[in-house]
Structure formats: C-alpha cells, structure tokens
Amino acid sequence: MNTQYDLIIVGSGILGTFHAYHSLQKNLKVAVIERNSVPQGATVRNFGQVVPSGMDIKWQNFGKESLSIYKELQSKADLTVRQNGSVYIASNHEEIQLIEELHQINKTNDYESVLLSKSECIQKFDGLRSDYCKGGLFFPQEISVDSGEMIVKIHQYLKSQHGLDIYYNTTVVETTENNGLCTAITADGRKITASKIIICGGHEFKTLYPEIFNESDLEVSKLQMLQTKPQGIYSLPGNILTGLSIRRYESFSECASFQQIKDAEDKNSFEKKFGIHILFKQALDGSVIIGDSHEYADAKNSDDLGYDLNMDIDEFMIKEAKKIIDLPTYEIQRRWFGIYSQCKTKDIFEHQPSANIHIVTGIGGKGMTGSGGFSKFNINTIFS
Ligand SMILES: Cc1cc2nc3c(=O)[nH]c(=O)nc-3n(C[C@H](O)[C@H](O)[C@H](O)COP(=O)(O)OP(=O)(O)OC[C@H]3O[C@@H](n4cnc5c(N)ncnc54)[C@H](O)[C@@H]3O)c2cc1C
C-alpha cells in the first residue's frame, strides 16, 4: 500500500517525541504533527527533573532507561542535560525513617543511592537551613534538563540526523483507518497517510475521540509553578526534593513505615488540600524554579480547573520554600501553571480505536522521567 509514512505521531511533547525517537531507531519513516508552533503543553511547563528515585519499581526501570537515553542524546547534541543528581531532604525523624527504608529498597533494586548526614547536606547544598534539614538521600545518577529548550533541540536533532518530518502549527482533527491505511486529516484539509498512527495528545481531549476520553477514568491535574530571578553566582546543583515529597512520591509508598506515617497526617492541612510539596531546580540562567501544587478534575470537566493562578498557593509555597533554603533572592520573575493527564486506576492510558491507531496518554507526573524507557517498550510492542 502506498503510504507516506510508516508512522504518524500526533503530539510533539516528550511522550510523542520519544515514540518518534525509538521508531526512527528502527529505521521507520516517521512524521510528528504538532498543533502549536512548538510544544506548549506539560512538557515545556515542568521542572525538568528526571527522577526514577521517585517512581514505583516498574516506572523506576523505565526511568533508568530514560537516564541512559538522555545521556546518550546529550553526547550527540547539547540538550541541556546535567548530571548533578537528586536529593530528598528529610525534615524530621519520620522522613529520616522513610529515606533509610528507601535506601535499603534501592540496594535490593540495584539503584545507587547515598545517605547523607545533616552536615553533609548542609555542606553540599548552599543555603540549606540547618533548622529544616535532618539528613538526606542522594541519587547521583539522576539528571536535570531545561525542558522547553531541550524538546526543541531533540526535534532539531531528530530532523537533521534521523530524517524525522515535523509538521508544526498543524492540528489533526480526525484520524481514520481503512483497509490498513491510516490517515490523519488536518484542520487545513491535508491528508497525511501512514501504516500506523500513535496519538500522544497530552491532556487535549476535545478534538480527537472526545467520547473515548469522556468515558475513561482519565483526570487532569493542574500544577502551579514559580521561577525566581537569576541568583547571581549562587549554585544549587541537581534536583532538590524535600519532606513533603518524601511523603508524596510513589517510591516511598513501598517503604514499611509509609502507611503508618501517612495515617497520622492532618488530612485537612492547606498542603494536603492543594497537593503541595516543595521542590527546587536551578535553571541554566541561574534562576530557581519552585513548585508545586496539584488540583484535580475529571477529563470531561477539565475546564473546571480554571485559567487563573491561586495566589494563596503561591504565597504558601514561597513561605515553605524559605523555611528550607535561604536563596539569595526570592523575587519571582515568572508564575505559570501546567496540566497533565493521568488515570485513576492505571499507570498510563492506552486505547486502540482501530487496529493500527493507538492512543497513548495519561503518563501523569512521570513523563519527563518515564517516557524515554516506556516509549521504547511501546514501540517494540506496536511494531513486533
Ligand atoms: C508543572 C509540571 C511539572 C512537572 N514536573 C515533572 C518533572 O520534574 N519530572 C517528570 O518526570 N515529569 C514532570 N511533569 C510531568 C510531565 O511534564 C508530563 O508527564 C509530560 O510532559 C507529558 O507529556 P505528553 O507528551 O504526554 O504531553 P504534552 O507535553 O502535553 O504534549 C502533548 C502535545 O500534543 C499536542 N496535541 C494535542 N492534540 C493535538 C492534535 N489534535 N493535533 C496536533 N497536536 C496535538 C499538544 O499541542 C502538545 O504539544 C510535570 C508536569 C507539570 C505540568
């Protein structure tokens, strides 16, 4: 059959881009179609923390594979990848208990982690407050990226070195399959054909297959983020995660003490209501990104999350961040929110409207970490 491509991918966020990367590795002829001039979704609004340490064992393995892929790509094109590790800073004896337990689990899983004493943390992370930090767990293999810059650089690399075709400013309004020929119909009336289509549309549920999304258990999460002004010569290397992250991330839920510690928490606190935990990451311009919060709505009601920023959340995050690290400046230069989709009952959403059209989305808060490894597995499955 005379198709233009072996594979069309709808959506050029991190999940679509890594599906493209792995299919190009198989020498397939691939097109990515993106409705915006460059990606504008979760992929350019996130922290850029690649942290398998925070994932359950299945996604930690995908994340470990992603680390290798990012490092390999960085050696070929400068993608903003920095290997400065991640640290979880504990603020009390319960969080110390959890990092010690996770350290043991990581030993069993053969994933490198190093327990740091309070003084080692304070020596390593300039400005870390001694009245907050009681100790830390450090993951030396983990990386940070500046996501917005990186995703465009990966596209350029895949175009120039692997023959990827990217159609920006092109919205796919319909996909069809007839006798094994898949067609993506664009808003300006073009028909682009392929043997297979993979739709990685993030949290966009209104254009393609809205009925499938409306009936699914997909939900969306809105996260508020802040970015300080550049911090001068101050340096804060790596991904800094703190006590509330220890109490939130999936990896810690595998610790023996986790449930008992969670049961004792105040369920009505401000941080619980808005799903807040405090993370820091220094960007290449020296500014520090601080976040984040989580508000949820079902996929079909995603507009209920609104378009505005809740200043009470921002003020709370700044107040908490100041208790953890004395930055040279907490003057904020940018505020934004990002939205990702996730399933309530599964770790990712996969659906086939027809034999050769695949929807893959709902990777949740683990997309920058898990997409590289997961997409390899998924491309191998789809093209097996
Ligand atoms: C604030 C925030 C912080 C986060 N921090 C981290 C982190 O530190 N580490 C981590 O691992 N994960 C993090 N995440 C999660 C991560 O960003 C997401 O899991 C990931 O970006 C999802 O990628 P995606 O490709 O599925 O979606 P998206 O990035 O939303 O991409 C989907 C793309 O599809 C396009 N599209 C949709 N429909 C169409 C159509 N019909 N035609 C053409 N194009 C279409 C959209 O324009 C968009 O570019 C964070 C998320 C947020 C919001």
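# Rings, a bent helix and an enclosed strand

Guide: The charged end of lysine 366 sits over the ring of tryptophan 59, 4.8 Å from the ring's centre. This is a predicted model.

Visitor: Where does the charged end of lysine 222 sit?

Guide: Over the ring of phenylalanine 337. The distance to the ring centre is 4.7 Å.

Visitor: Which residues does leucine 309 contact, beyond its sequence neighbours?

Guide: Leaving aside neighbours within four places, leucine 309 is in contact with Gln224, Arg335, Trp336 and Phe337. The C-alpha atoms of leucine 309 and tryptophan 336 are separated by 7.3 Å. Along the chain those two are 27 residues apart.

Visitor: And where is the place of leucine 309?

Guide: In the loop between strand S16 (295-298) and helix H11 (311-324). Leucine 309 has a relative accessible area of 25%, so it is partly exposed.

Visitor: New topic. How many aromatic pairs are there?

Guide: The count comes to 15. One of them is phenylalanine 205 with phenylalanine 213. Their ring centres are 4.5 Å apart and their planes are at 40°, so the pair is tilted. Both phenylalanine 205 and phenylalanine 213 are buried.

Visitor: What about phenylalanine 270 and phenylalanine 274?

Guide: Those form a tilted aromatic pair, at 4.9 Å centre to centre and 50° between the planes.

Visitor: Is phenylalanine 274 buried or exposed?

Guide: Buried, with a relative accessible area of 10%. Phenylalanine 270 is partly exposed, at 28%.

Visitor: Which residues form an aromatic cluster?

Guide: Tyr88, Tyr111, Phe139, Tyr249 and Phe252 form one. Tyr88 points from strand S4 the one way, together with Ser86 and Ala90. Val87 and Ile89 point the other way.

Visitor: Why the two directions?

Guide: In a regular strand, side chains alternate between the two faces of the sheet.

Visitor: Why call S4 largely enclosed?

Guide: Five of the five residues of S4 (residues 86-90) are buried, so the rest of the structure largely encloses the strand.

Visitor: Which strands does S4 pair with?

Guide: S4 pairs with strand S6 (residues 135-139) in the antiparallel sense, over five bridges. With strand S13 (residues 239-241), S4 pairs in the parallel sense over three bridges.

Visitor: What is the bridge partner of valine 87 in S6?

Guide: Phenylalanine 138. On the S13 side, tyrosine 88 stands opposite leucine 241.

Visitor: Now helices. What does H12 span, end to end?

Guide: Helix H12 (residues 367-382) spans only 20 Å between its end C-alpha atoms. A straight helix of 16 residues would span 22 Å at 1.5 Å a residue.

Visitor: Where does H12 bend?

Guide: At glycine 373, by about 30°.

Visitor: How many H12 residues are buried?

Guide: 12 of its 16, which leaves H12 mostly covered. Glycine 373 is among them. Others include Phe374, Ile379 and Ile382.

Visitor: What does asparagine 378 touch?

Guide: His19, Glu350 and Val360, not counting residues up to four places away in sequence.

Terms used. Residues are numbered from 1 along each chain as its sequence is written. This is a predicted model: local features need pLDDT of at least 70, side-chain atom pairs count only at pLDDT 80 or more; totals for chains, interfaces and linings use all residues. Side-chain values use heavy atoms; hydrogens and water are left out. Helices (H or I, at least four residues) and strands (E, at least two) are DSSP runs, numbered from the N terminus. The expected span of a helix is 1.5 Å times one less than its number of residues. The bend at a residue is the angle between axes fitted to the seven residues ending there and the seven starting there. Buried means under 20% relative accessible area, exposed over 50%, partly exposed in between (1.4 Å probe, protein chains only). Contact means heavy atoms within 4.5 Å. Two strands pair if DSSP finds at least two bridges between them. Rings of Phe, Tyr and Trp (its six-membered ring) pair if their centres lie within 6.5 Å; planes under 30 degrees apart count as stacked, over 60 as edge-to-face and the rest as tilted. A charge sits over a ring if NZ of Lys or CZ of Arg is within 6 Å of the ring centre and within 35 degrees of the ring normal.
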